[in-house]
Amino acid sequence: HVVPGQQYGDLHVGRMLGKGGFCTTYLTRSAGDRTTEVVKVFRKESHNTIKDLLCACNEVEAISRLNHDNIVRHLGVLHGPRHVLVRMDFAGPRTLYRFLARSESSRIAL
């Protein structure tokens with residue numbers, strides 16, 4: 001299992017940022033250049049239906065297609081025997097849901 005303090009590939013796994021029914025998100029630090037990243041961990045045993053697999057694939061594809069300075073970047077995917085890890089930029093402690101809830105409209109200026 002992926003746990004804080006563990007080394008997974010070139011990533012040092014830090015504290016857990018959030019947990020949902022679909023994945024768990026951890027703050028990580030790259031061993032090479034020491035940059036802070038976020039990793040979304042999908043447990044393979046929890047996603048054993050075609051629908052779950054399609055949702056995970058759709059999320060990875062959507063993140064990888066985003067290419068804008070104001071949006072987190074997709075940094076890659078790691079694939080292990082028990083997990084799929086999606087690497088992304090760390091955008092800070094706020095969530096998109098909270099950002100939209102506090103804004104006057106539900107639109108984001110890019």
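User: What should I know about the model and its numbering before I start?

Analyst: The model is predicted: local features need pLDDT of at least 70, side-chain atom pairs count only at pLDDT 80 or more, and totals for chains, interfaces and linings use all residues. Residues are numbered from 1 along each chain as its sequence is written, and side-chain values use heavy atoms, with hydrogens and water left out.

User: In what order do the strands form the sheet?

Analyst: Strands of a sheet pair through backbone hydrogen bonds, either parallel or antiparallel. Here six strands make an open sheet, ordered S1-S2-S3-S4-S6-S5, with antiparallel pairing. Strands (E, at least two residues) and helices (H or I, at least four) are DSSP runs, numbered from the N terminus. Two strands pair if DSSP finds at least two bridges between them.

User: Which are the edge strands?

Analyst: Strand S1 (7-8) and strand S5 (74-79); each pairs on one side only.

User: How many bridges join S4 to S6?

Analyst: Seven, between S4 (residues 36-43) and S6 (residues 83-89). Val41 stands opposite Leu85 in S6.

User: What are the partners of S3?

Analyst: S2 (residues 11-19) pairs with S3 over six antiparallel bridges. His12 has Arg29 in S3 as its bridge partner. A hairpin of four residues links S2 to S3. S3 also pairs with S4 over six antiparallel bridges. There, Thr28 has Glu37 in S4 as its bridge partner. The S3 and S4 hairpin has five residues between the strands, and Arg34 takes a positive phi near 65°.

User: Why is S3 described as largely enclosed?

Analyst: Look at burial. Buried means under 20% relative accessible area, exposed over 50%, partly exposed in between (1.4 Å probe, protein chains only). Six of the seven residues of S3 (residues 24-30) are buried, so the rest of the structure largely encloses this strand.

User: Where does helix H1 lie?

Analyst: H1 (residues 50-65) lies across S4, S5 and S6, at about 150° to S5. Axes are lines fitted to C-alpha atoms, for helices over the stretch in contact, and angles run from 0 to 180 degrees between N-to-C directions.

User: Which residues of H1 are buried?

Analyst: An α-helix has 3.6 residues a turn, so residues three or four places apart point the same way. In H1, the buried residues are Ala56, Val60 and Ile63. They cover an arc of only 70° around the axis, which puts them on the same side of H1. The arc is that of the directions from the helix axis to the C-beta atoms. These buried residues pack against S4, S5 and S6 (contact means heavy atoms within 4.5 Å). On the other side, Ile50, Lys51 and Arg65 are exposed.
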